[in-house]
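Subject: The structure we talked about

Hi,

Here is the structure I promised to pass on. Have a look at it first, then read my notes below.

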Amino acid sequence: MTEFIILIIKLVLIIAVAVGMVPFLIFFERKFAGFFQSRMGPTYAGPWGSLQSFGDMAKLMSKEDLVPAAADGPVFRIAPYILFVPAFVSMTLIPFGPMDVDIFGYNVDLVVSSFDAGVIMFLALGSLAVYGPVLGGWASNNNWALLGALRSGAQMVSYEISMGLAVVGVIVMANTLNFVDIVDAQAGGFWNWFFIPQLVGFVIFFVASIAELNRDPFNLAEAEQELVAGYMTEYSGMRWGIFMFGEYVNMVVMSAVISTIFLGGWRAPFEFLDVIPGFIWLVSKMLFFIFLYMWIRWTLPRYRYNQLMDIGWKIFLPLAIANLAVTALIISVV
Amino acid sequence: MVEKVLFVVFAALAVGSGVGVITRSNIVHALMLLIFSFVNIAAIYLLTSAFFIAVVQILVYAGAILVLFTFVVMFLNLRQYQSMEQLHPTQKWVALILTPLVLAEFVVVALAATWTAVGGAYDPETVAAGGGNVALLGERLFADALLPFEMASLILLVGMVGAVVLAAKEGHEYMDTRAWSGTDEERTPEFVEQEV
C-alpha cells in the first residue's frame with residue numbers, strides 16, 4: 001500500500017514539474033525574445049512583466065470556444081490533448097536522483113519507472129505525439145491547416161529516424177536501454193558524460209529534437225508567411241492555448257531526455273559537488289537546453305521545406321549511421 | 001486480482017474500439033479507434049511483463065504504420081468516398097463468406113496448436129535472471145533465429161526498393177523537390193511558365 005501511495009506522490013510531482021515550469025517558460029520566452037531583438041518584452045503585468053503568463057491564460061480562458069461548422073467536431077476537440085499524454089508518460093522514465101534514497105524513513109527510488117526498454121519507450125511515445133498536429137490539422141477542414149498537418153507529420157517522422165539512430169550510439173556505449181543505467185554509466189564527473197565521445201550523436205539529437213518540437217528554424221508546420229498558422233489556423237482561445245501548452249511541456253520533456261542521455265542526467269559535473277541534490281542538477285541542465293531552444297528560435301530564420309528534408313535525409317541520416325558504425329567498431333575493438 | 005481486472009478492462013477497450021473500427025463510416029475516426037485499440041493491446045503485453053514487445057507494438061504499429069495510413073487518408077481526402085459500398089458493391093458478399101472461414105481457422109489453430117518457447121519456458125524470474133526482457137529477446141533473435149530475422153529484413157528491403165522504383169517514374173521533373181533548391185535564374189523557362 002505504501003508503495004502505491006509513494007508511486008502516486010511521484011506521479012503528481014512529475015506532472016507538477018512538467019506543467020509548473022510552463023508559465024515561467026512562456027515568460028522567459030517573451031523576455032528572451034525581447035532581449036534578442038533589442039526590445040523590452042512584457043513590462044506591465046507584475047514586476048518586470050512576470051505575471052504576463054497568467055494574464056495570457058486568463059485571456060485565453062475567457063475567449064469563446066469556437067469550433068468551425070465544417071470541422072470534424074470530436075477529432076477537432078481531442079487533437080490538442082494528444083500532445084500531452086506521450087509527454088507525461090516520457091517524463092516518468094527520467095531519473096531525478098539516485099535509487100534507494102531514504103526519505104522520511106521510506107526507501108524511495110527517485111524515478112517513477114525504471115523501465116527495461118526506456119529509450120525505445122521514449123521514441124515510441126515521440127512517434128505518438130505526431131497525431132496531435134496531424135489530426136488537428138485534418139479535422140479543421142481548412143487547406144492551410146491540412147498543409148501544415150502534412151508538413152509537420154512528414155517532418156516529425158523524418159527526424160525521428162535520425163534521432164533514434166543518434167541515441168543508438170549511446171546505447172551501444174552504455175550497454176543498456178534503461179535511462180537509470182544510462183545515467184549510472186556516466187558517473188564520476190563531466191568527462192564521463194556521453195556528449196564527449198558521442199558529440200556527433202549529441203548534435204544530431206539536439207537538432208532533430210528542435211524539428212520534433214516544431215520550433216524555429218524548423219517550424220514549417222505553422223510558417224506564418226505561407227500557411228497563416230499551419231495546423232493551428234482554426235484553433236482559438238483555450239484550445240489553441242492547449243496546443244501551445246503541449247508544445248512547452250514537450251520542450252521540458254525533450255530537454256530532460258537530452259540532459260539524461262548526453263549530459264549525465266542528475267549527476268554533478270564534479271564528484272565533490274554531489275552535496276547539491278541531483279534534482280537541482282537535472283533541472284539546471286534542462287534550463288540550459290531550454291535557453292538554447294529559445295536562443296535558436298529568436299536568432300535563426302526558418303528553413304525552406306526542401307532544405308529541411310535535405311538536412312534530415314541527406315545529412316543527418318547518413319551521419320547518424322556513420323556515427324553508429326564507428327562507435328560499434330571502436331567498442332568491439334577496444 | 002488487480003491484473004485480472006486490468007486485463008478485462010484493456011481487453012474490453014481493445015475489442016470495443018476494434019468493433020468501432022469496422023462500424024465507423026468516417027475513415028479517420030476508424031483510424032483513431034484503431035490506434036486506441038493498438039495502445040490497449042500494448043497495455044495487455046505490459047500486464048504479461050513483455051515490456052519490449054509492448055513498446056515495439058506502440059512504436060511500429062501505432063507510431064509508424066498508422067501514421068502512414070493517416071497520411072494516405074489525408075492525401076486521398078476520403079471524406080468524399082464515405083460510402084465505400086458504391087465503389088465495391090460485391091465486397092460485402094465476399095467478406096461474408098471469407099470472414100467466418102478466417103475466424104474458423106484461427107479457432108482451429110489456437111485449439112490444436114501446442115505452444116513451445118525457443119530455449120525453454122519463460123516466467124518473470126527466468127527473464128530477470130537472464131538479464132531482462134530486451135537482452136534475452138535479442139540473444140534469442142540473433143543467436144537462434146538469425147536466418148529468419150535476416151530474411152525478414154531482406155524482404156523489407158525488397159519492398160522498400162520496389163516502392164522507390166514505383167514512385168520514381170521518369171518524366172516527372174516538377175515532382176522533384178530539387179527543382180526548387182536553385183535560385184530563380186536557374187529555373188527552366190518551362191517551369192516558370194507552369195507555375196504561372
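Predicted model: local features only at pLDDT ≥ 70, side-chain atom pairs only at ≥ 80, totals over all residues.

Residues are numbered from 1 along each chain as its sequence is written, and chains are lettered from A and ligands numbered from 1 in the order in which they are written.

**The core**

The largest nonpolar core contains 117 residues. A nonpolar core here is a set of buried Ala, Val, Leu, Ile, Met, Phe, Trp, Tyr and Cys residues joined through C-beta atoms within 7 Å. "Buried" needs 20 or more other C-beta atoms within 10 Å of a residue's own, "exposed" 12 or fewer, and "partly exposed" covers what lies in between, with C-beta atoms placed from the backbone. F205(A) and V55(B) have the most contacts inside this core. Its biggest contributor is helix α7 of chain A (residues 143–174), which gives 14 residues. (Helices, H or I with at least four residues, and strands, E with at least two, are DSSP runs numbered from the N terminus.)

What does V55(B) touch, not counting residues up to four places away in sequence? A117(A), I120(A), M121(A) and A124(A). Two residues are in contact if their C-beta atoms, placed from the backbone, lie within 7 Å.

**Where the chains meet**

Chain B has eight helices and zero strands. Of its 196 residues, 12% count as buried. On the chain B side, 20 residues are in contact with 22 residues of chain A. Helices α2 (27–47), α3 and α6 (133–144) of chain B each supply at least two residues of that side, and α3(B) gives the most, with 12. By class, the side of chain B that touches chain A has 14 nonpolar, six polar and no charged residues. For these classes, Ala, Val, Leu, Ile, Met, Phe, Trp, Tyr, Cys and Pro count as nonpolar, Asp, Glu, Lys and Arg as charged, and the others, Gly among them, as polar.

**Two helix pairs**

Two packed helices are described by the angle between their axes and the distance between the axes. Axes are lines fitted to C-alpha atoms, for helices over the stretch in contact, and angles run from 0 to 180 degrees between N-to-C directions.

- α7(A) packs with α3(B) (residues 51–76) at about 155°, with the axes 11 Å apart. The two are therefore roughly antiparallel (angles under 35 degrees count as roughly parallel, over 145 as roughly antiparallel, 65 to 115 as roughly perpendicular and the rest as oblique). L146(A), A149(A), L150(A), G153(A) and V157(A) meet V67(B), F71(B) and M74(B) here.
- I14(A), I15(A) and A18(A) of α1(A) make the contact with A87(A), F88(A) and M91(A) of α4(A). By class, it has six nonpolar, no polar and no charged residues.

**An enclosed helix**

Why is helix α6 of chain A (residues 131–139) largely enclosed by the rest of the structure? Because nine of its nine residues are buried. They include Y131(A), P133(A) and W138(A). The cover over the buried residues of α6(A) includes α3 (73–82), α5 (118–128), α7 and α11 (237–262) of chain A, along with α2 and α3 of chain B. After α6(A) comes N141(A), with a positive phi near 55°.

**Single residues**

Most residues other than glycine have a negative phi, and most peptide bonds are trans. Two more residues to look up are these:

- S38(A) is not a glycine, yet has a positive phi of about 55°. S38(A) sits in the loop between α1 and α2 (52–62) of chain A. Is S38(A) buried or exposed? Exposed, because 6 other C-beta atoms lie within 10 Å.
- N214(A) is not a glycine either and has a positive phi of about 60°. N214(A) is in the loop between α9 (199–212) and α10 (224–227) of chain A, and is buried, with 23 other C-beta atoms within 10 Å.

V39(B) is buried, with 20 other C-beta atoms within 10 Å, and touches I58(B) and A62(B), not counting residues up to four places away in sequence.

Cheers
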